[in-house]
Amino acid sequence: MFDVVTQIFPNMSGKEIEFLESIMQTLQMMLYSSIISIILGLAIGVILTVTKRGRILQNKFIYNLFDKLINVFRSIPFIILIALLIGFTRMIMGTGFGVKGAIIPLVFGTIPFYSRQVESALVEIDDGIIEAALASGSSPLQIIFKIYLSENIPGLIRGTMITMVSLIGLTAMMGAVGGGGLGDFAIRYGFQRRMTDVTIVTVLTILFLVSLIQSIGNYLIKKTTH
Amino acid sequence: MIELINVSKTFDNQVEAVKDVTLRIKPKQIFGIIGYSGAGKSTLIRLINLLEKPDQGKVIVDEVDLTTLDQKQLRQSRKKIGMIFQRFNLFRSRTVFANVRYPLEGSGLTNIEINERVNELLQLVGLSDKADSYPSQLSGGQMQRVGIARALANRPKVLLCDEATSALDPQTTQSILKLLKELNKKLDLTIVVITHQMSVVKDICDEVAIMDQGSVVEQGSILDVFYNPTYEITKQFVHSADNIDKVDEYLASKRLELAQDENLILLSYSNINTQEALIYNMIKQFDIKVNILFGNIELIGDNPIGWLVIIIGGKQQDESLAYLRANGVRVEVKHYV
């Protein structure tokens, strides 16, 4: 397969192993940071939803705290966020480089965005449905798990899909500051050595990743919509 | 069964939704609360299961004052108070079967017992064949039946109906009302119905309360309220179910010509005397002429209430009207001309 690739994109020859490693690094960054972000983002999204005024666990302090924190982190450009977090990253992970060094900035860059996606998916659930559950004697915890996190699965999948796609963008940016992965590969060869065909191969690979995420997402949405 | 004692509720935006309401609802009764939108009836029904917390007053259901309970006790009490809604509020991601199962999950019953109970409930509301459908595949009437089955899952003693038929067409409304009436008899269920449709109250309620601007202005047996409405707002509701106001308009627009000795009379009567041939007897007994313009009989529960608009002429008018009054007919002289 690689023979065909090197015929069309001559500068790819000799970089097969490195290219595959870059893909693996990108996938690793995606995997670890999305697992952490999805868990924490779901939690924060739920907290935002239930502590809002008039909701089942209304709490002005907690709502405002998370609401403001999200706004602060969302307004910091990602490349600056990386710099800002470098000390923290080294402290926790022991290094600021490579896949290990990338996870913390990626998680911090993703959670605020994903929390808002979760919040807007949960807001779509009709208050009447919550009321019906309350009237039948459900506890707040039952409502969170059996209604909020179950009633709009398609909406949650859509938000997750959008977040994963934007996460790919963030992993590429990590490459510029020593995070490795496809972004790093494209910058080192495509940009710094002007091997445009290498850039094109990277773009095609990322395009494939994005459409893969979208097809899986759309399939799951279709499966869970009733 | 249900007692509200001096209950008030004011919202954050200073709207006084419910003002000092006291209501007693007897067991096994179908109790109607009627009012225009904004009258506070939605808030009032939510005070019964404490979905809205009253600012003051007591809410006693089945001899327990709900306002004194902690959250956990309140949740237990709510299991014994079913509720259905105008927009059904079914869980969209769950099948009909799973919707009805919801209140039973975690109730300590085994899976087999739960499945048995759900099937029993689906049979009760006539939806056994729809167990695996999703709410989006059902009609409004079917969705409300699922709502009813779900509300009855924990064998409640009380069923609260929040405008349960307002989103349904007249035929479906009738079938849901019939079902509610059956359940009331079969399960000894106390049912509270809030509505703005007088026809709903007329068809199924034993007693009715009329709400206006947060207060209950009139309350009594459905027959009393229908036959002797005191407040203007009650009269409006009563006349929305018959069409006596339209007759008034019609007569006024016709500019009816009455001869000098003729009078236009509205007669109304309740069940006590619909069996007798009063008009016939009156004409036979007195020297009068009677011309019947309009008439109507309403069935309120099992009791007929009727009215007639007549033109009466002749010499013995006063005597004949006195005869009618003596027989329990209400006589009202109308002046359209």
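Modeller: A residue is called buried if 20 or more other C-beta atoms, placed from the backbone, lie within 10 Å of its own C-beta atom, exposed if 12 or fewer do, and partly exposed in between. Helices (H or I, at least four residues) and strands (E, at least two) are DSSP runs, numbered from the N terminus. Residues are numbered from 1 along each chain as its sequence is written, and chains are lettered from A, with ligands numbered from 1, in the order in which they are written. The model is predicted, and local features need pLDDT of at least 70 and side-chain atom pairs pLDDT 80 or more, while totals for chains, interfaces and linings use all residues.

Two strands are said to pair if DSSP finds at least two bridges between them, and E6(B) is joined by four bridges to strand E7 (residues 158-162) of chain B, the two running parallel. Within that pairing, Ile81(B) has Val158(B) of E7(B) as its bridge partner.

Chain B also holds an open sheet of four strands, in the order E12-E13-E11-E14, with antiparallel pairing. Its edge strands, each pairing on one side only, are E12 (288-300) and E14 (330-334) of chain B. Twelve bridges link E12(B) to strand E13 (residues 303-314) of chain B in the antiparallel sense, and Leu299(B) has Pro304(B) in E13(B) as its bridge partner.

Helices can be described by their axes, which are lines fitted to C-alpha atoms over the stretch in contact, with angles from 0 to 180 degrees between N-to-C directions. In chain B, the axes of helix H5 (residues 140-151) and helix H6 (residues 170-186) come within 10 Å and cross at roughly 20°. Angles under 35 degrees count as roughly parallel, over 145 as roughly antiparallel, 65 to 115 as roughly perpendicular and the rest as oblique, and therefore H5(B) is roughly parallel to H6(B). Residues are in contact if their C-beta atoms, placed from the backbone, lie within 7 Å, and here Gly140(B), Gly141(B), Gln144(B) and Ile148(B) of H5(B) meet Thr172(B), Ser175(B), Ile176(B) and Leu179(B) of H6(B).

In chain A, the axes of helix H8 (residues 153-176) and helix H9 (residues 181-191) come within 6 Å and cross at roughly 50°, and H8(A) and H9(A) are therefore oblique to each other. In H9(A) the buried residues include Leu182(A), Phe185(A) and Tyr189(A), and what covers the buried residues of H9(A) includes H2 (16-51), H8 and H10 (196-224) of chain A. Chain A comes to ten helices and zero strands, and buried residues make up 39% of its 226 residues.

Finally, the two chains touch through 17 residues from chain B and 14 residues from chain A. On the side of chain B that touches chain A, helix H2 (residues 71-78) of chain B gives the most, with three residues.
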